[in-house]
Amino acid sequence: MQVLKFGGTSVANAENIMKVIEILDSKSKDDAIVVVVSALGGVTDSLHQVGELAHTKDDRYLKLFKSISERHLDTAKALKISSSARSRVKKLLKELKRILQGIYLINEFSEKTQDKVLSFGELISSFIISEALRDKSSNAGFKDSRELIITDDNFTHAQVHKDITFSNIQTYFSSSADRITVMPGFISQSESGESTTLGRGGSDYTASILAAALDANVLEIWTDVSGMYTANPKLVRQAFPIKEITYKEAMELSHFGAKVLYPPTIRPVLEKGIPIAVKNTFSPEDEGTLIQSETPKTPNPVKGISHLPKIALLTLEGTALIGVPGSSKRLFETLSTEQISVILITQASSEHSICIAIKEEEADLACKVINEAFAYEITLGKINPVNIENDLAIVAVIGDQMKSHQGISGKMFSSLGKNNVNILAIAQGASERNISAVIASKDVKKALNTLHYRFFERQVKELNIFVVGVGNVGRRLLDQLKQQQAHLYENLFLNAKVVGLSNSRQMTFDAGGIDLSEWEELLETGEKRTEETWFNTIKDLNLRNSVFIDITANADIAASYSNYLKESIAVIACNKIACSSEFSSYKELKNLARKYNAPFLFETNVGAGLPVINTLNNLINSGDRITSIKAVLSGSLNFIFNHFNETTSFHDVVKQAQAEGYTEPDPRIDLSGVDVARKILILARESGFEMDIEDIENEMFLPAASMEAPDVDAFYETLIEYEDHFASLFKEASDNDCRLKYVAEFNEGKAKVGLQQIGKEDPFYNLDGKDNIVLYYTSRYVDQPLIIKGAGAGAEVTASGLFGDIISLGKK
């Protein structure tokens, strides 16, 4: 014999009930079955609400009762049950109304009366389903569970009298000829004949009792999901059904929030060793989850990750707890007296403090009674008043086989730590079946996804990228990411998702990943951007492995990097303002990156896509020492001086460079040498030297009038006016058989930038176009420097440098 239980969602309406009937018709061909059903979805809550309305003399109870009645009668009609059966439904509803009227009149809604009212949900739904079944099978019958399951009179949480109940069940079914027997779940009857209910998960409990009493082959729990999942699929999209799991693992997962089962309800079948199959009413062909005493060993010892929300953490601490027998006993007896359940306990070996986790709704009462119980010690100052921390949750990693595997705890806590999930308390039993941690509620989704990735998923690292600045470089980066997404996933095990985009006016977000084929339209229709709303949205999304990429030259955005790093959000900066600002600010960003385990990368600050900073870091980290640096670091200036000759004017070449995108809208930013000074400053700092921009000597070649021009047009006029000055610079270099290059130099703590005449023997002489070149002289590279050379300007190569930083993050 098989026992099947169908929950509220499975029998929520006539359409769903027809799916249930199809399943029952198929199942009954092979074996006799007992079917336990819940009330129509949501009806139990409605019944409780209608009782409360009547109790408070709120006339709206009549309207709600009418809605309940119509729902059941409409379901009966849609299922085309007989007129006599519909009359029976009406009679039951009339009886319910009479009870509600009594509640209204005498203002009494005791637990005993609650059980009477709530019992109508399962009673009516089971009767309707049994009658609908008669059209499919003449061997279908109905049996009122109250006639078989006998309890005490602890209303709303009745305890079953096992011997009497088992005897009743066995006697009835030994003589029953019905192929399908439909029974209401949740409801029972006291020895005095009063209706009782079995509490939370009561329908599962009904089914479990029946399966145990009948020694059923299997207990099938039919619900709206395809089994027990590795994590809550509403929070973890990659979660998947667990094929096989032990009773103990299932109970742990259920206790910690997996709502498929309620742990106490499966004890009867657990004691008998009867398997439980969790199946999906709406996808009956799915395999589901089989719960049994033992399961085959698998390479992964973790079976699931679950969580318990709305938790409060109470801490009792003080010297009076140290070495004093009975302190814990007093604490837990106090809570027990108030029927407050302790979910998690942790105590330091010093015995100086005891930390407990309870339901948040019970925190104030618990605090009050504990403080009263230890009032004497609190008065003496030997124990502190209870400290309460609210808005917390418990996450748990669960699996029977974890005990025989080393490093599970380490993997759990290191993964959470790397994603800035702060752990407030930890508990682990000697069985090592469950490792639990208390965390902030805001971190639950991130924690679950982090742990699920760590224990269940192919180790494809997911980066959640937020980009501000979608001009030339930003646009190229998005194109490159779109083009290379599949390659990154398949070859580097990296899923680089752009989840936030912003320009100076608009912003758009999608935690699932922005479609990069239509990002421009999405941004155009996005919400208005402010720095505050942009940052707060990123913070509130709280996505694991978040990355902020700044592709602007905005000082305010550069000043915000510390905010991101403090939230453990990695920063990739194309903007060089932050790294070339005051040394103290630069140093703080580096320290924050280490403190919060949030990488701060800025490869494109020098040399665009060239590996200038990465190579420097590798030299330093390997124990080498930088003695000097000589470099051409401005692709813009190199382009200008490579094209400036006796047949061109300096004015025209600068105009050409601007037109081709090699200079800023105001070319003085490039021609002043300040940008180059910033770059050599960054290299000096990365070499381990403490310097500020004021320490760099800047040998300006522009006339003062050019720098002081009120606007760009006026600046260009000065270039015409001072053409003889620029021509003389070129002629002097040419007469010396040299070429003009704008060079940055750093040597033993001193740096300068300026225009130099470069001879043919110099590596800089043949530097063409917009190329950059960097020469590192070190303790190891003494006579011949380490040379890095290549395109140092342009949107495409700069974007590729940012892409390289993204890949670096993916490897960390």
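Modeller: Before we start, buried means under 20% relative accessible area. And keep in mind that this is a predicted model.

Biologist: Okay, what makes H7 a mostly covered helix?

Modeller: Of the 12 residues in H7, 11 are buried. Among them are Gly202, Asp204, Ile209, Leu210 and Ala213.

Biologist: And how do you know how the span of H7 sits against the expected one?

Modeller: H7 covers residues 202–213, and from its first C-alpha to its last it reaches 16 Å. At 1.5 Å a residue you'd expect 16 Å, so the span is close to that. After H7 comes Asp215, with a positive phi near 50°.

Biologist: Let's move to Ala320. Why is this residue called buried?

Modeller: Its relative accessible area is 17%, and the cut-off is under 20%, so Ala320 counts as buried. Ala320 lies in the loop between strand E12 and helix H10. Setting aside neighbours within four places in sequence, Ala320 contacts Ser327, Glu377, Lys382 and Ile383.

Biologist: Now the helix pair. Why are H2 and H5 called roughly antiparallel?

Modeller: Their axes cross at roughly 150°. Angles over 145 degrees count as roughly antiparallel, so H2 and H5 get that label. The axes come within 9 Å, and H2 passes H5 in a right-handed crossing.

Biologist: Which residues meet there?

Modeller: From H2 you have Val43, Thr44, Leu47 and His48, and they meet Gln114, Val117, Leu118, Phe120, Gly121 and Glu122 of H5. Sorted by class, that contact has 5 nonpolar, 4 polar and 1 charged residues.

Technical notes: Residues are numbered from 1 along each chain as its sequence is written. This is a predicted model: local features need pLDDT of at least 70, side-chain atom pairs count only at pLDDT 80 or more; totals for chains, interfaces and linings use all residues. Side-chain values use heavy atoms; hydrogens and water are left out. Axes are lines fitted to C-alpha atoms, for helices over the stretch in contact, and angles run from 0 to 180 degrees between N-to-C directions. Helices (H or I, at least four residues) and strands (E, at least two) are DSSP runs, numbered from the N terminus. Angles under 35 degrees count as roughly parallel, over 145 as roughly antiparallel, 65 to 115 as roughly perpendicular and the rest as oblique. A crossing is left-handed if the near helix is turned anticlockwise from the far one by less than a right angle, and right-handed if clockwise. Contact means heavy atoms within 4.5 Å. Ala, Val, Leu, Ile, Met, Phe, Trp, Tyr, Cys and Pro count as nonpolar, Asp, Glu, Lys and Arg as charged, and the others, Gly among them, as polar. Buried means under 20% relative accessible area, exposed over 50%, partly exposed in between (1.4 Å probe, protein chains only).
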